[in-house]
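Please read them with the coordinates open.

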Amino acid sequence: MNQGLHIPEELLDRIDHILAHLAEKAHTDSIVLADISGQVISIQGVMDEGTPAVVAALAAGDVAAMSELSNRIGESDPHGSFFHEGETKSIYLHNIAGSFILIVIFRSETPIGLVRLFAKRAVEQLLPVTEEFEEIVGPPADYAPDDFRKGITQELDDTFTE
Amino acid sequence: MFINWKLREINLKIVYYGPSLSGKTSSLQYIHQRTRPDRRGELISLKTREDRTLYFDYMQFEMGEISGLKPRFNIYTVPGQVYYRGTRKLVLKGVDGIVFVADSQIRRLNENIAAINDLFEDLEELGFKPDEVPLILQCNKRDLPEIMPVLALKESLGLNGVPTFESVAVDGAGVLDGLKNIISQVVTKARGKIYSSPA
Ligand SMILES: Nc1nc2c(ncn2[C@@H]2O[C@H](COP(=O)(O)OP(=O)(O)OP(=O)(O)O)[C@@H](O)[C@H]2O)c(=O)[nH]1
Ligand SMILES: [Mg+2]
């Protein structure tokens, strides 16, 4: 499994492009692409500060639980999807190859069929992109490791109040 | 670990693991309370009506930019109750560092041992090599009578070489020391990883 991930800027641009297309076609509210461990990779649309992180963490839990549930009844689709219909807003979750999760939030009057259709297309386009993500192997040119380590100690003291 | 070069963020995941009622949620609540409000997200708890963790607790906090990268820490607790074994493993996916919260009470020794065995088994099943994930031991509930000496507890758990902290999670003593230690281990390791070149 992935113990570390490095996503180059060029791939993130391609992801943003795919998500923007989905947002436009399916009239979504917001979209989050996360990895299976619950970390945010990309966001489309407006969300309050801090919300995408929480959405990603909860969706990862949901998808993990749902895949386990499916396994119990003999299903093992690494591309499973499911959705929650709410009063005003609904959520559609799509597992991408057991490694990533597409989270689509849309107004409940938008037909689910439309969202499902364009989300499926987006997933097909995202799949080859995510396969290009690299395991972390080399540093960026301007990364200074010793500063980073020293900086963390300093920042830790600033992060917690007395 | 996940590095996003576009947003210049480094995302790290730390999990509080341990037997039921050992004080994992209490530790996270204390961390949340002590984190500067402008640097922390909400504390999310998926729990039963009796306040037992059902799936996980979660919070994120971030730091200022360091050498052009903004570190973000995602902290989770697992549910300790025996029948939530399956969800415990799910929460460990993609983990960068683990705080094992043991209940120091003598009568809880067996539960501590069962939990540490589960942890190593879960990590193996998730594809981690032994000792690959930084780990610390947090011996909690040091305020109670009838507790094991730290060295004895550590030995019983087979965690002799592991950095160990005594804590009282309900009032916070020792909790941040443990967190800071695991973070610095995780960052050191992350640095090693970023710098190890393929050839
Ligand atoms: N005396 C004492 N009580 C503690 C301490 N830490 C936690 N507790 C109490 O122990 C009980 C369980 O604490 P939690 O933090 O909910 O335990 P947990 O590990 O999250 O439990 P699960 O979610 O079931 O796995 C609560 O009643 C806490 O108040 C401690 O250091 N000393
Ligand atoms: Mg708990």
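Predicted model: local features only at pLDDT ≥ 70, side-chain atom pairs only at ≥ 80, totals over all residues.

1. Residues are numbered from 1 along each chain as its sequence is written, chains are lettered from A and ligands numbered from 1 in the order in which they are written, and side-chain values use heavy atoms, with hydrogens and water left out.

2. The contact between the two chains (heavy atoms within 4.5 Å) involves 48 residues of chain A and 55 residues of chain B. About 4700 Å² is buried between chain A and chain B, with carbon and sulfur atoms giving 62%; buried area is the accessible area (1.4 Å probe) that two parts lose on being put together, summed over both.

3. Between chain A and chain B there are two salt bridges, a salt bridge being a side-chain nitrogen of Lys or Arg within 4 Å of a carboxyl oxygen of Asp or Glu. E155(A) pairs in this way with R39(B), with 2.8 Å between the closest N and O atoms.

4. On the side of chain A that touches chain B, at least two residues each come from β1 (5-7), α1 (9-26), β3 (40-45), α2 (51-72) and α4 (145-159) of chain A. Helices (H or I, at least four residues) and strands (E, at least two) are DSSP runs, numbered from the N terminus. The most comes from α4(A), with 12 residues.

5. Two strands pair if DSSP finds at least two bridges between them. Opposite L5(A) stands F2(B).

6. Which residues come nearest to ligand 1? They are K24(B), T25(B), S26(B), T53(B) and G80(B), out of 18 around ligand 1 (a heavy atom within 4 Å). A backbone N or O atom of G80(B) is 2.7 Å from an oxygen atom of ligand 1, and one of S22(B) is 3.2 Å from an oxygen atom of ligand 1. For N140(B), a polar side-chain atom lies 3.1 Å from a nitrogen atom of ligand 1.

7. Over all chains, the structure holds 21 salt bridges. One of them links E62(B) and R72(B) at 3.0 Å, N to O. E62(B) is in β4 (residues 53-62) of chain B and R72(B) in β5 (residues 70-77) of chain B, so the pair ties together parts 10 residues apart in sequence.

Definitions and conventions
Polar contact = N/O pair within 3.5 Å; in protein donor to acceptor, adjacent residues only side chain to side chain.
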